[in-house]
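Please open the structure in your viewer and keep the selection tool at hand.

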Amino acid sequence: MIAKKENPIIRTRFAPSPTGHVHIGSLRTALFNYLLARQKKGQFILRIEDTDKERSKTEWEYELIKIFEWLQLNWDEGPILPKDLDINPADYQPDYLGAFAPYRQSERKNIYRKYLQKMIEEGTAYYCFCNKEDVEAEKQYLMSIGEAPVYRGKCRNLKPEQIAEYLKQGKPSVIRFKCPANRKISFNDLIKGPIEFNSDILGDFVIAKDLDNALYNFTVVVDDSEMQISHVIRGDEHLSNAPKQILLIQALGLNQPEYAHIPLILSANKKKLSKRDGKTSVVDYKEEGYLPDALINFIAFLGWNPGTEKEIYSLEELITDFSLEKIQKAGAIFNLEKLDWINGFYIRRKPLADLTQTLVPYLEKAGLITEKAPEFYEIIDTGEEVSFEYLCKIVALYQERLKKLSEIIDLVDLFFKQTLSYEKNLLLWKQMTDSELALSLNKCLEILSLLEEKDFNKEKLEQVLLPEAEKMPNRGNLLWPLRVALSGKKNSAGPMEIAEVLGKEKTLFRIKKALELLT
RNA sequence: GGCCCUAUCGUCUAACGGUUAGGACAUCAGAUUUUCAAUCUGGUAAUCAGGGUUCGAUUCCCUGUAGGGUCACCA
């Protein structure tokens, strides 16, 4: 019997910088880390990389946490919002989940200092007092002659007493890594396969501004080790950071995590998706009315697929079927049309009451309605009071026409307005004349006047209207003008459906208004 | 420029040496229809190029080409 090999615990992390809105590419990185951790029954950790204090703002961190709540992507360790949060997002201090708290790098400086001192003592790092401009100029020169633009270690062999003297004087300095010469750095990327670098292209890179201000490549290595991260899944743009980090890991004698560099999300011009290509932040998509399930489904399929023809995936299903091996090696262009289609699909299959509920904030924001009491609203333009059920009836007419929640406004505003404004000619169906139009409209008025309020439903309306429409040269002669009179729009739901929701009084009123346009 | 990565319909992708190169979005045509959607049916559309290896290459190797990433006291 061979003893069953015990699987190490999978621990992944998402380590964003709170320097702006959450990028759509970051979301995908986070999602893949989340999926792997959940699938392997491991842990998913959120770490805030705010070492750049100029650019980092707590309100970005706050927004990020909100976005992930919205997406239902929860973490096992990391910052969470305090329970009683009645403060400005800019001032909040997080609560922490998990054993390695705190999870903000700005609060972990004592840890970095310890490791930094260790490296300096062991001689794998050193103080450098070179002038910044000189170093930059040398790099430019090296690049111009076709060599790797690196710092070549001018300050490597400064005497200890010299260093102490400079430090005492307060001479500007940084801490550099003493990069070993001509060393092969190879690792097996879980997505790209074997990758090899030579250390000579790196030079003695800066790992800290001083003992209290460690820089990215250094903090990442320390934190991933301290937090026992097993898999680092991150964007392709970090591939060139991997050799630096591996060298640091070796210098510090730490364990090396597995790496998986996922391809970038590209814009239509095949470049890394950036702000100038349109919407790149997750909040933008949230506000425009993309559903979290749809967004996650779409994002997961950008560069990954299950190898089957199944394309509609819930988060739970993604957790089950996800695998790093199936991740694509090449970048994927962000295809908005497909996102729209998936979102429309999710909207269509959402239960009506749920959909209406998520739509209410859009109606309120557009100034169409205002909530008076729970599930009770006032139409701002008319002062009428309507129930949640009434809103559901309206939404039902447009559920299958919606691609994004924000589109609802232009579709349903007709139900929230006293009077419609449209061109008279819009009432004309094909080659219709004004007198034919008047005839049609009067016919509708005549028929509908006879109908009782309680019979104002789609079935009854069809019963009385359709036979009359058949008598016309074309059904559209009767139905098109009616639909436009009721909706004021070129495109809308059907006239009977609208009439049902409007009710008898408003329906007749609108037909009369249309007739007035003719005179 | 150095280093690294990548390459199948317009787009996202399937095919782990043998398929009429499959699916989805988009697009086109038809059906349905008062409009727009939704829905159904059908169509157009791809292996970057050149060399190898092999009985056989989308698939493996090499070269080229094209694209991308990265070269901070940012992350």
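Select β11 (231-235) together with strand β12 (residues 258-262): five bridges join the two strands, which run parallel. Strands (E, at least two residues) and helices (H or I, at least four) are DSSP runs, numbered from the N terminus, and two strands pair if DSSP finds at least two bridges between them. Within this pair, I233 has A260 of β12 as its bridge partner. Four of the five residues of β11 are buried, and the strand is thus mostly covered. A residue is called buried if 20 or more other C-beta atoms lie within 10 Å of its own, exposed if 12 or fewer do, and partly exposed in between, with C-beta atoms placed from the backbone.

Before the next selection, please note that this is a predicted model, in which local features need a pLDDT of at least 70 and side-chain atom pairs count only at pLDDT 80 or more, while totals for chains, interfaces and linings use all residues. Residues are numbered from 1 along each chain as its sequence is written, and chains are lettered from A and ligands numbered from 1 in the order in which they are written. The pLDDT is the predictor's confidence in each residue, from 0 to 100; chain A averages 94, and 98% of the residues score at least 70. For the complex, the predictor gives an ipTM of 0.95 and a pTM of 0.95.

**Helix α6**

Next, select residues 216-226, which form helix α6. Why is this helix largely enclosed by the rest of the structure? Eight of its eleven residues are buried, so the remainder of the structure largely encloses it. The buried residues are N217, F218, T219, V220, V221, V222, D223 and D224. Their cover includes α3 (109-122), β9 (206-210), β10 (213-214), β11 and α7 (242-252). Contact here requires that the C-beta atoms of two residues, placed from the backbone, lie within 7 Å. After the helix comes Q228, whose phi is positive, near 55°.

**Helix α7**

Move to α7, where A242, P243, K244, Q245, L247, L248 and A251 are buried. The elements that cover these residues include α3, β6 (174-177), β7, β8, α6 and β12. G253 follows α7 and has a positive phi, near 70°.

**The hairpin of β7 and β8**

Select strand β7 (residues 184-189): are its six residues buried or hardly covered? The count of buried residues in β7 is zero, and the strand is hardly covered. With β8, strand β7 forms a hairpin that has three residues between the strands. Six bridges join these antiparallel strands, and F187 is paired with I195 of β8.

**An open sheet**

Now display the four strands that form an open sheet in the order β5-β6-β9-β10, with antiparallel pairing. The edge strands, β5 (125-128) and β10, each pair on one side only. Between β5 and β6 there are four bridges; A125 has F177 in β6 as its bridge partner.

**The nonpolar cores**

In soluble globular proteins, nonpolar side chains tend to be buried together. A nonpolar core is defined as a set of buried Ala, Val, Leu, Ile, Met, Phe, Trp, Tyr and Cys residues joined through C-beta atoms within 7 Å. Select L31, L295, I299 and A485, the residues with the most contacts inside the largest core, which has 94 residues. Helix α1 (residues 24-39) provides the largest share of this core, nine residues. A second, separate core has 23 residues, including A125, I207, A214 and V221.

**The surface near RNA strand B**

Finally, select RNA strand B, which 61 residues surround; E49, K132, Y216, A330 and G494 are the closest. A residue is near the strand if its C-beta atom, placed from the backbone, lies within 6 Å of it. Which element gives the most to this surface? Helix α17 does, with four residues. Among the elements that each supply at least two residues are α4 (132-144), β8 (193-198) and α11 (336-349). The surface divides into 23 nonpolar, 16 polar and 22 charged residues. In this count, Ala, Val, Leu, Ile, Met, Phe, Trp, Tyr, Cys and Pro are nonpolar, Asp, Glu, Lys and Arg are charged, and the others, Gly among them, are polar.
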